[in-house]
Amino acid sequence: MATSGARSSRLGGLGQWWGILAGALLIAAWINEAAGPAVIITLSALVLLWSVFQAPVTCGAPVRGRADGCRNNVSGILMGCHIHQHRWQKLKMLIFRRRVREFCSGLFSDGKATLVTLAALGSFLSGLVALAPGVAA
Ligand SMILES: [Zn+2]
């Protein structure tokens, strides 16, 4: 994890967005009834893992004097950047209930974050529905 900064700058670009591609395949799998639940569950899991652990978003931890918070790049919507105080910032917000709203607003702080958050929610729901078909019907 300590080398994630170097790694993400080397990969960079579109390679970091493979989760969106998997998300598009997931939507296609839902539309195309030939795709079985196994395909949908696999794609859902991939997209969810990507958004939580790999998606290129900004850190967003509160920084004194900056309304938009920390702008460092991070991988995944749950983790902060390399700055020690930021790393667990978002998980802490989830644990302390009074900060959950702050956490949620951070998930929609910019276009990228919104896209990744929607991908996470969509894939989570999709996986849930695929695993428990009774829920959808
Ligand atoms: Zn940060």
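# Zinc site and helices of a predicted model

The protein has eight helices and two strands, where helices (H or I, at least four residues) and strands (E, at least two) are DSSP runs numbered from the N terminus.

User: Before we start, what should I know about the model?
Analyst: This is a predicted model, in which local features need pLDDT of at least 70, side-chain atom pairs count only at pLDDT 80 or more, and totals for chains, interfaces and linings use all residues. Residues are numbered from 1 along each chain as its sequence is written, and side-chain values use heavy atoms, with hydrogens and water left out.

User: In what order do the elements run from the N terminus on?
Analyst: The order is α-α-α-β-β-α-α-α-α-α.

User: How many of the residues count as buried?
Analyst: Of the 137 residues of the protein, 33% are buried. Buried means under 20% relative accessible area, exposed over 50%, and partly exposed in between, with a 1.4 Å probe and protein chains only.

User: Which protein donors does the zinc ion have?
Analyst: Cys59 (SG), Cys70 (SG), Cys81 (SG) and His86 (ND1) are the donors, at 2.0 to 2.4 Å from the zinc ion. Donors are N, O and S atoms within 2.8 Å of the metal (3.2 Å for Na, K and Ca); water is not among the atoms, so sites may look incomplete.

User: What is the geometry of the site of the zinc ion?
Analyst: The site is tetrahedral, with angles of 106 to 114° among its four donor atoms. Four donors count as tetrahedral if all angles lie between 85 and 135 degrees.

User: How are the donor residues spaced in sequence?
Analyst: The spacing is C-x10-C-x10-C-x4-H. Within this set, cysteine 70 and histidine 86 link distant parts of the chain, 16 residues apart. Cysteine 70 sits in the loop between strand 1 (56-58) and strand 2 (73-75), and histidine 86 belongs to helix 4 (residues 84-87).

User: Are those two buried or exposed?
Analyst: Both cysteine 70 and histidine 86 are buried; the relative accessible area of cysteine 70 is 6%. Cysteine 104, at 35%, is partly exposed.

User: How many disulfides does the structure hold?
Analyst: The structure holds zero disulfides, a disulfide being a pair of cysteine sulfur atoms within 2.5 Å.

User: Changing topic: how far does helix 2 reach?
Analyst: Helix 2 (residues 18-31) has 14 residues and reaches 20 Å from its first C-alpha to its last, close to the 20 Å expected at 1.5 Å a residue. The expected span is 1.5 Å times one less than the number of residues.

User: Which of its residues are buried?
Analyst: Gly19, Ala22, Gly23, Leu26 and Ala29 are the buried residues of helix 2. They cover an arc of only 115° around the axis, which puts them on the same side of helix 2; the arc is that of the directions from the helix axis to the C-beta atoms. The face turned away from this buried side carries the exposed residues Leu21, Ile27 and Ile31.

User: What is the relative accessibility of valine 116?
Analyst: Valine 116 counts as buried at 0% relative accessibility. The C-alpha atoms of valine 116 and isoleucine 20, 96 residues apart along the chain, are separated by 8.2 Å.

Terms used: Tetrahedral: all angles 85-135°; square planar, octahedral: opposite > 155°, others 65-115°.
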